[in-house]
Amino acid sequence: MTRRYILVKVVYDRKITNEQLDEALNSSAKRYFGEVGLSRIDPRIIRFDADSSTAIISCERNATPEFGAAIALITTYAEAPMSILPLRVSGTVKGAARREK
Amino acid sequence: MANYLDLHVIPRPEDTQSCERMADLLSEAHYRTVGLTVATGLLNERIRAVRRIFEDRGLDTVLRVDLKPSSRTELLRLLRRFRNLYDIVAVGCLNHQVATVSCRDSRVDMVFFHGASRNLRFSHTFARLLRGAIELNLVSDLINRDDGWAFARLRKAIRVASDHHVKVVLSSGARSFEMVRSPFQISALAITLGLNQEDSIRAVSSTPSSIVTANRMKHASEYVEEGVKIVVPSRR
């Protein structure tokens with residue numbers, strides 16, 4: 001299945017791990033789109049850089065708007081404000097990793 | 001890259017740090033123009049300082065005012081007073097009377113309906129009257145809501161707007177840096193609520209851009225009225 005790769009910036013004042021980010025993504029997708037929606041979006045963290053708070057996350061291409069909506073609706077994690085801001089959307093990991101000059 | 005705009009950003013002028021963080025995120029999210037919503041009584045120096053914070057990050061700024069009158073008379077008085085002072089005039093509709101007049105008045109650029117209001121929503125009646133655009137504050141209306149009401153209200157507004165081909169502007173309504181969302185997220189939210197992809201992209205780029213351009217033209221010295229402007233003949 002074709003996937004989209006999204007470079008995101010995690011805006012969170014605390015330290016966050018790969019697993020915690022995964023939990024935040026999955027719980028938001030499940031909350032707003034249900035189990036079936038989550039399986040359709042199928043978000044996966046490809047890379048996560050805790051120092052720069054950026055990650056490359058992939059999702060099903062057909063469910064890209066649902067993924068965008070799910071991450072837009074994340075507001076808190078572990079009772080602290082959190083937001084996830086997409087910086088670039090690409091069809092390849094390499095493309096997503098390339099930040100605009 | 002398209003010119004993306006978020007016409008409803010509500011910075012706190014007294015909190016410089018929050019404004020700076022907001023401006024940084026908006027710039028990173030690829031916005032080029034932001035509509036700074038300021039209180040009507042705010043001092044000019046304060047407004048200039050806030051604008052400078054955003055402009056230093058490469059963002060073009062437009063000044064916007066949100067009018068929330070409780071009656072038709074108050075709305076008309078506020079429009080007379082503030083129309084020429086701000087680039088964008090938006091009206092938050094609190095009741096049926098205000099909504100009807102603000103949809104019909106050409107001085108109103110955008111109307112929006114409060115997410116919490118259950119009695120009033122964008123209906124076919126307002127869509128038929130609307131001369132400006134309907135603004136949907138997707139982030140501020142949707143986040144931290146446990147009921148499905150806000151989703152249902154926005155879905156209905158999108159369906160009505162599509163039926164009547166009225167202009168739709170998608171904004172965040174961000175009051176803090178945590179509420180800043182990228183154009184991709186705003187348009188994704190609208191797509192999941194039923195707007196088609198082309199319209200959703202237009203609603204964060206060309207539609208708000210056309211409103212800003214038209215209003216800037218009106219503030220130019222050569223502008224007389226709609227369709228009329230002073231043209232100085234070139235000297236050869």
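In what order do the 5 strands of the open sheet in chain A stand? The order is β2-β3-β1-β5-β4, with antiparallel pairing; strands here are DSSP runs of E, at least two residues long, and helices are runs of H or I of at least four, numbered from the N terminus, while two strands pair if DSSP finds at least two bridges between them. This is a predicted model, so local features need pLDDT of at least 70 and side-chain atom pairs count only at pLDDT 80 or more, whereas totals for chains, interfaces and linings use all residues. Residues are numbered from 1 along each chain as its sequence is written, with chains lettered from A and ligands numbered from 1 in the order in which they are written.

At the edges of the sheet sit β2 (44-49) and β4 (76-77) of chain A, each with a single partner strand, so one side of each has no neighbour in the sheet. A:Asp49 is found opposite A:Thr54 in β3(A).

Turning to the contacts between chains, 17 residues of chain B meet 16 of chain A, a contact being two C-beta atoms, placed from the backbone, within 7 Å. On the chain B side, α1 (16-28), α6 (138-142) and α8 (183-192) each supply at least two residues, and α8(B) gives the most, with 6.

Within chain B, B:Ala190 touches B:Leu138, B:Ile158, B:Leu170, B:Leu195, B:Ser200 and B:Ala203, leaving aside residues up to four places away in sequence.
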